[in-house]
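Good morning, and thank you for coming.

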There are 2 protein chains.
Amino acid sequence: MAVTLADVAARAGVSAATVSRVLNGNYPVAGSTRERVLRAVDDLDYVVNGHARALAAATSDLVGVLVNDVADPFFGLIASAVQGEISGGADQPSGLPAGAGKLAVVCNTGGSPEAELNYLTLLERQRAAGVVLTGGAVEGTGHSTAVAGRLARLAASGTRIVLCGRPPVPELADLPGAAADSVMTVAFDNRGGAQRLTEHLLALGHRTIGYVAGPAERSTTRHRLEGHRAALAEAGLAGSPAELDRLTVHGYYDRSSGYDAALELLRREPGLTAVVAANDTVALGVCAALRERGLRIPEDISVAGFDDLPFSVDAAPALTTVRIPLQEAGARAGRLVMGRQAPPPGGLATVRTELMVRASTAAPRKGA
Amino acid sequence: MAVTLADVAARAGVSAATVSRVLNGNYPVAGSTRERVLRAVDDLDYVVNGHARALAAATSDLVGVLVNDVADPFFGLIASAVQGEISGGADQPSGLPAGAGKLAVVCNTGGSPEAELNYLTLLERQRAAGVVLTGGAVEGTGHSTAVAGRLARLAASGTRIVLCGRPPVPELADLPGAAADSVMTVAFDNRGGAQRLTEHLLALGHRTIGYVAGPAERSTTRHRLEGHRAALAEAGLAGSPAELDRLTVHGYYDRSSGYDAALELLRREPGLTAVVAANDTVALGVCAALRERGLRIPEDISVAGFDDLPFSVDAAPALTTVRIPLQEAGARAGRLVMGRQAPPPGGLATVRTELMVRASTAAPRKGA
DNA sequence: CTGTTAGCGCGTTCAG
DNA sequence: CTGAACGCGCTAACAG
């Protein structure tokens with residue numbers, strides 16, 4: 001029912017091959033026939049069948065973007081930047097360019113390893129041109145090997161892979177042939193950022209600092225916690241492992257986890273003078289809980305977040321946090337997955353993080 | 001290079017058709033052969049070629065989701081909900097169901113009509129199973145007719161269309177045949193919500209209320225402004241058109257527009273006792289500007305937003321706003337676009353909005 | 001219940 | 001520069 005290449009060819013009085021050639025512009029075609037073909041295309045409102053094209057040419061217009069949840073600003077910002085880079089101008093008023101642009105298939109994994117594998121299969125089905133995996137990896141279980149296997153297969157079949165905000169996968173470093181070059185990583189310096197953040201609190205004079213961590217099995221959680229503890233250790237405040245664990249509560253990367261964790265920390269250690277949260281969203285929950293307990297921020301207790309999400313500057317009080325250039329990272333991931341930018345040395349680029357000191361942290365009270 | 005149906009068939013000692021049948025489960029196949037086929041599939045790590053399948057069966061696994069920008073929580077929340085509904089369990093740990101799930105192609109239009117049309121063409125290329133258009137429509141130019149035309153074609157070719165947070169398109173109401181049933185709308189009661197919000201301010205005693213509107217050509221902007229003015233009119237405060245316009249400033253739906261607009265309003269009318277913003281993000285900008293001018297919220301001036309985005313409850317002070325159940329709306333749009341829910345009467349459902357009174361609004365100062 | 005035969009719509013040889 | 005023929009990988013009739 002839909003108009004096909006053949007219909008256009010018939011109307012233009014040429015063969016289907018010729019129509020294909022003018023449409024793809026990769027072959028010499030006489031100006032007059034090109035005119036005729038284009039007019040026929042226009043008359044018939046012809047739109048190529050992407051599936052047929054993909055099948056015949058063994059190419060795909062799709063790029064997968066795996067995120068925990070696009071509704072989370074952290075992932076939304078990355079996904080948006082990736083989409084902007086791969087669209088190749090479809091989002092520009094100037095019109096549709098040759099066809100260099102690709103479509104972003106956004107997949108919410110909810111942080112579930114199984115969902116991640118499911119989506120990778122689905123993307124393999126679609127013979128995706130590339131896949132961007134965002135957010136921390138789930139460590140410890142056999143999951144990482146399973147993912148590595150799937151990614152290796154995708155890479156082998158020509159799909160470009162970019163890990164964004166996730167550590168490199170060692171198993172993928174030595175793939176045969178060109179496949180090794182098609183796996184790239186844009187990592188975040190979570191460890192360094194976390195360390196500088198805690199150093200900032202220590203410099204203010206804090207000595208009893210609670211830590212609200214994310215899920216234990218996430219690489220992001222681990223790196224941030226390591227940075228935090230490295231700062232403590234350098235200040236000679238490491239304490240025993242039991243002591244460290246007493247001031248650490250794990251939860252999810254959401255507001256209510258922060259709320260609950262803050263109350264738990266206060267229960268464990270009423271003398272707390274500062275709380276570092278896994279990220280800004282968690283920090284908001286922490287702030288809410290502390291305020292409800294009658295504590296003023298930062299006069300009675302300091303709070304810090306991570307990521308520097310857009311809302312953090314408007315929180316009450318403005319959140320001290322660690323900025324990750326998420327848009328830049330996402331854009332870079334987008335360019336890499338499109339092959340529009342040379343891969344960084346070793347396939348690994350690490351984006352810097354920046355300490356943002358705002359109003360939610362201050363020196364502890366004299367009495368504390 | 002990739003393993004194909006034929007390879008599986010060969011290994012299992014059956015014909016390609018049989019393999020296809022067990023994979024799709026739509027045809028009776030003997031238990032023993034099914035076993036053999038499934039083992040061959042497993043041995044060879046076979047993954048169907050979605051393009052070939054789509055071409056042969058004239059179906060598609062893709063659903064387009066057009067948003068202004070996924071990084072904006074308003075759109076992120078909707079997109080997330082849509083994707084959750086259409087995934088059909090791919091995001092569940094239980095594994096991949098038959099193949100009922102579809103992939104979400106997220107397109108950032110940046111609010112540009114041309115980009116919207118470009119993406120609709122791209123989605124037509126992919127023979128998308130459905131398209132969800134979110135956010136307000138751009139009115140006034142020839143754009144709406146152009147979009148209507150494209151949507152009509154998509155609908156005619158079997159693509160289901162859902163407008164989410166956008167008014168129904170009249171031109172699409174009387175399409176021939178089943179096409180009319182495949183265009184549905186999930187509208188937001190922007191007008192009613194805006195009216196109740198302003199009524200709330202009037203009840204508090206405010207009489208000089210500034211309004212920071214979105215871009216003039218957006219349907220969302222228009223509806224919210226209409227609601228606001230309807231409330232003023234009912235209270236006998238309509239004033240002359242010139243007077244209304246003096247207290248209205250248009251900008252984008254972002255923070256910096258709110259910031260600038262607040263300063264402009266203050267310049268035009270220093271006696272302002274309240275400001276209503278186009279949405280929560282804009283409201284944050286308004287708050288920031290007012291605070292910098294030394295005004296306390298709500299003691300010196302009240303501020304209200306719209307949408308009730310997640311961060312609004314944690315803003316300083318917590319924002320009075322109008323809640324739109326974005327997740328619910330997105331989920332509903334997802335179900336409709338999948339055909340998993342019966343279309344509402346007349347193809348139009350309007351989701352209610354709810355006034356959320358929080359700390360950013362209060363009675364004006366006695367002296368004001 | 002299973003194999004055989006045709007296409008789905010397009011890109012790409014290979015001749016002309 | 002253009003047309004004819006073939007095949008991409010799979011599903012859907014049609015027989016058996």
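Predicted model: local features only at pLDDT ≥ 70, side-chain atom pairs only at ≥ 80, totals over all residues.

Residues are numbered from 1 along each chain as its sequence is written, chains are lettered from A and ligands numbered from 1 in the order in which they are written, and side-chain values use heavy atoms, with hydrogens and water left out.

Let us begin with contacts, meaning heavy atoms within 4.5 Å. Here 60 residues of chain A are in contact with 58 residues of chain B. By class, those on the side of chain B comprise 28 nonpolar, 18 polar and 12 charged residues. In this scheme Ala, Val, Leu, Ile, Met, Phe, Trp, Tyr, Cys and Pro are nonpolar, Asp, Glu, Lys and Arg are charged, and the others, Gly among them, are polar.

How much area do chain B and chain A bury between them? The value is about 5200 Å², with 58% of it on carbon and sulfur atoms. Buried area is the accessible area (1.4 Å probe) that two parts lose on being put together, summed over both. Of the area that chain B buries against chain A, 15% comes from H51(B), R125(B) and D314(B), more than from any other three residues.

The rule also finds 4 salt bridges across this interface, each a side-chain nitrogen of Lys or Arg within 4 Å of a carboxyl oxygen of Asp or Glu. One of them joins R255(B) to D314(A), with the closest N and O atoms 2.6 Å apart.

Strands take part as well. β2 of chain A, residues 103-108, pairs with β2(B) in the antiparallel sense over 3 bridges, and V105(A) has V105(B) as its bridge partner. Strands (E, at least two residues) and helices (H or I, at least four) are DSSP runs, numbered from the N terminus; two strands pair if DSSP finds at least two bridges between them.

Finally, the backbone. Most residues other than glycine have a negative phi, and most peptide bonds are trans. The peptide bond from I297(A) to P298(A), however, is cis, with omega near 5°; P298(A) is in the loop between α12 and β9 of chain A. D45(B) has a positive phi, near 55°, and lies in the loop between α3 and α4 of chain B.
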